[in-house]
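Subject: Structure handover

Hello,

Here is the structure I promised to pass on. Please open it first, then read the notes below.

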Amino acid sequence: MADLVVVGSVALDSVKTPFGQVAEALGGSATYFAYAASFFTQVRVVAAVGEDFPPAHLALLEAREVDTGALQVLAGKKTFRWTGEYGFDLNEARTLDTQLNAFAEFKPVLSPSLAKAPFLFLANIDPELQLDVLRQMNRPQLAALDTMNFWIQGKREALLKVLAEVDVLLVNDAEARMLAREPNLIKAARSIIELGPRVVVIKRGEYGSLMVSDGSFFFVPAYPLESVFDPTGAGDTFAGGFMGYLAQRGSMDPASVRRAMVHGAVMASFTVEDFSLERLKRLEPREIEQRFETFQQMVRFER
Ligand code: AMP
């Protein structure tokens, strides 16, 4: 089991789906990621929140033994807020409002022990912040990156810089097309590989996910759920399962990477069953194991 550092948003989310809504619930890319990855390995969060961040949310991460030592509470600031909604097509989030708040002036300083962690996840946040953290790290064994339309459109240059220095990119299909400026997903993945990462993981919501790396493809379906309440955080949770599993194994051999994809899909399938982190809070390790086995059954066939 190896240390896994994540930098990303810790947020208060207001979300509306056709099935209900929540106001100022716990969210954020680093939050979903860390919570999911904590089922597999030691996770350490680099982020900032404001004075208004409820201590109970911090306690929730600490209860999973997530190291919050590098999660700064900034005096006089408010916590990052995201407001979004989904229509019946739950694959597409519409952002109504983004307030960076505490992240607008956040300057992370990594301790020597954080800097030598072998696994790094640059979760969705300002690419300048991602680059700052990556540059402070002492050559991680594996660095992965996530991003979204907000940054692809708003900070493309900085994003391309950080992309050039990571091993893996995880994005959804619309983000992959936007980043590569290419409508065909396979071509988009290939042109992203030209930009730096050797592995590209594209998440496609209810249609599953695919991984493209030097000449090979791997596809994982989504778990066939009959009730999906809120897809917020599915991508970050997928990344948490993926990176958490690799950090637990301490390796990147092809078979482990494929199993990591399935663990990503398993973890994401729980997140979408309820709002915020509610389903993850009730999650038992044996349920992860059961769904992993179901995935294996779902895609097994004889020739
Ligand atoms: P996803 O896994 O893509 O559904 O990520 C949802 C999470 O991303 C929410 O909990 C938001 O708080 C967070 N988020 C939304 N917009 C941004 C942004 N521009 N930067 C960082 N995090 C964001």
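Which backbone atom of Asn 124 lies 3.4 Å from a nitrogen atom of the ligand, and of what kind is it? It is a backbone N or O atom. Keep in mind that this is a predicted model.

A polar side-chain atom of Ser 9 lies 2.8 Å from a ligand nitrogen. For Trp 151, a polar side-chain atom lies 3.2 Å from a nitrogen atom of the ligand. Taken alone, the ligand exposes 510 Å². The protein buries 89% of that.

Now the shell. The ligand is surrounded by 19 residues. The closest are Ser 9, Asp 13, Gly 28, Gly 233 and Asp 236. By type, the shell holds 10 nonpolar, seven polar and two charged residues. The most come from α9, which gives three.

Next, β6. Why is strand β6 (residues 80-86) largely enclosed by the rest of the structure? Because five of its seven residues are buried.

β6 has these strand partners:
- Strand β2 (residues 11-17) pairs with β6 in the parallel sense, over six bridges. Here Asp 13 has Trp 82 of β6 as its bridge partner.
- Strand β7 (residues 93-99) pairs with β6 in the antiparallel sense, also over six bridges. Here Glu 85 has Arg 94 of β7 as its bridge partner. A hairpin of six residues joins β6 to β7.

Asp 13 is worth a look on screen: this bridge partner of Trp 82 is also among the residues closest to the ligand.

Best wishes

Key:
Residues numbered from 1 in each chain as written. Predicted model: local features only at pLDDT ≥ 70, side-chain atom pairs only at ≥ 80, totals over all residues. Heavy atoms only, no water. Buried < 20%, exposed > 50% of the residue type's maximum accessible area, 1.4 Å probe, protein only. Helix = DSSP H or I, 4+ residues; strand = E, 2+ residues; numbered from the N terminus. Pairing = 2+ DSSP bridges. Near = heavy atom within 4 Å. Polar contact = N/O pair within 3.5 Å; in protein donor to acceptor, adjacent residues only side chain to side chain. Areas by Shrake-Rupley, 256 points an atom, 1.4 Å probe, with all protein chains shown as cover. Nonpolar A, V, L, I, M, F, W, Y, C, P; charged D, E, K, R; others polar.
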